[in-house]
Amino acid sequence: MSDLVEPRKADIVYETENPILYSVENGIASITMDRPKYGNTQNSQMTYALDDAFMKAVNDDAVRVIVLRGNGKHFSSGHDIGSPGRDVVKSWPDRKMPWWDHANKPGAEFNYAREQEVYLGLSRRWRDIPKPTIAMVQGACIAGGLMLAWVCDLIVASDDAFFADPVIRMGIPGVEYFAHPFELPPRVAKEFLLLGERMSAQRAYDLGMVNKIVPRDKLEEATYAWAAKLAEFPRMGLALTKQAINHVEDLRGKRTAMDAVFHMHHLAHAHNDLISTNHLAGQDAKSMAAANKKNA
Ligand code: ZN
């Protein structure tokens with residue numbers, strides 16, 4: 001039986017103080033994940049810095065559109081499950097959701113409170129940003145990386161991008177922001193989750209999960225061309241249009257489905273804690289990377 005809470009790792013070593021870069025030009029805010037050494041994996045340091053950057057863009061009237069991007073080879077290889085900067089045990093006093101601090105909580109409460117805040121809560125908060133958002137995706141967009149691309153309104157990908165949610169290996173039914181059967185037809189979502197295989201940018205485009213594919217060296221140009229176009233349109237019109245589509249998705253059950261599946265996700269975490277060495281069924285960054293390479 002494992003510890004009641006995540007193994008306490010006292011020595012969090014951040015490789016940077018600024019995991020998110022932020023700049024504004026011509027009405028376009030660029031929010032750049034900057035942990036290229038770790039495939040831009042998301043620790044809490046990064047998710048809170050992302051939230052700060054998004055809110056800065058929301059509050060700046062000069063910003064009309066937001067581009068979310070990742071430095072280096074990959075857009076995002078998911079949640080941080082193994083870098084020296086993995087910080088799941090850390091308290092964050094300035095939380096954004098009405099959930100209490102997870103860090104000193106026992107049993108399933110630890111992960112439940114943490115993920116209500118940092119994964120489900122923050123992802124939904126970003127989806128609701130009233131300015132249009134574009135994800136600019138190259139290389140890997142895996143698991144927690146999908147959550148970031150999916151909360152954006154448009155996804156522009158390079159032809160070498162690939163998508164996967166391989167958490168079945170952890171006995172988990174998909175990442176916390178469970179949009180899979182809304183982003184993909186249900187049978188494809190089943191294949192995507194049951195097999196955990198990589199989906200090419202081309203297939204993602206064919207299924208409507210991605211808006212545009214371009215060669216890698218044209219990715220920035222194509223993304224910013226769309227951003228520039230959006231920056232010309234009326235702010236309220238863009239906000240209302242985005243809200244209209246999000247509202248219809250929620251009428252189709254997106255939000256309530258996500259609420260229900262979040263609890264299955266946490267049954268899986270708790271089950272893993274009972275039968276293995278951690279809430280990820282004994283997996284870590286290394287074992288997942290090795291397995292994913294085989295399943296490419
Ligand atoms: Zn989780």
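The structure is a predicted model, in which local features need pLDDT of at least 70 and side-chain atom pairs count only at pLDDT 80 or more, while totals for chains, interfaces and linings use all residues. Residues are numbered from 1 along each chain as its sequence is written, and side-chain values use heavy atoms, with hydrogens and water left out.

A disulfide is a covalent bond between the sulfur atoms of two cysteines. For C141, the closest cysteine sulfur belongs to C152 and lies 9.7 Å away, which is too far for a bond. Taken from the side of C152, the closest cysteine sulfur is that of C141, at 9.7 Å, again too far for a bond. C141 is buried, with a relative accessible area of 0%, and C152 is buried too, at 8%. Here, buried stands for under 20% relative accessible area, exposed for over 50%, and partly exposed for values in between, using a 1.4 Å probe and protein chains only.

The next feature to visit is the zinc site. The zinc ion is coordinated by E115 through two entries of OE, by E176 (OE), and by H265 and H269 through NE2, at 2.1 to 2.4 Å. Donors are N, O and S atoms within 2.8 Å of the metal (3.2 Å for Na, K and Ca), and a site may look incomplete, as water is not among the atoms. Along the chain, the donors of the zinc ion follow the spacing E-x60-E-x88-H-x3-H. Distant parts of the chain are linked by the pair of E115, in helix α2 (residues 107-127), and H269, in helix α9 (residues 254-275), which are 154 residues apart. Helices (H or I, at least four residues) and strands (E, at least two) are DSSP runs numbered from the N terminus. E115 is buried at 2% relative accessibility, and H269 is buried at 3%.

Helix α2 also has a packing partner. Helix α1 (residues 44-59) packs against α2 at an angle of about 30°, and the axes are 11 Å apart. This makes α1 roughly parallel to α2. Axes are lines fitted to C-alpha atoms, for helices over the stretch in contact, with angles from 0 to 180 degrees between N-to-C directions; those under 35 degrees count as roughly parallel, over 145 as roughly antiparallel, 65 to 115 as roughly perpendicular, and the rest as oblique. Residues of α1, including Y48, L50 and F54, meet residues of α2, among them V118, L122 and W126. Contact means heavy atoms within 4.5 Å.

Elsewhere, W226 sits in helix α7 (residues 219-231) and is partly exposed, with a relative accessible area of 23%. Apart from its neighbours within four places in sequence, W226 is in contact with I134, L154, V156, N211 and K212.

Two loop residues complete the tour. Most residues other than glycine have a negative phi. N26, in the loop between β1 (20-25) and β2 (28-33), has a positive phi near 50° without being a glycine, and is exposed at 67% relative accessibility. A281, in the loop between α9 and α10 (285-294), is not a glycine either and has a positive phi of about 60°. A281 is partly exposed, with a relative accessible area of 29%.

Key
Disulfide = S-S within 2.5 Å.
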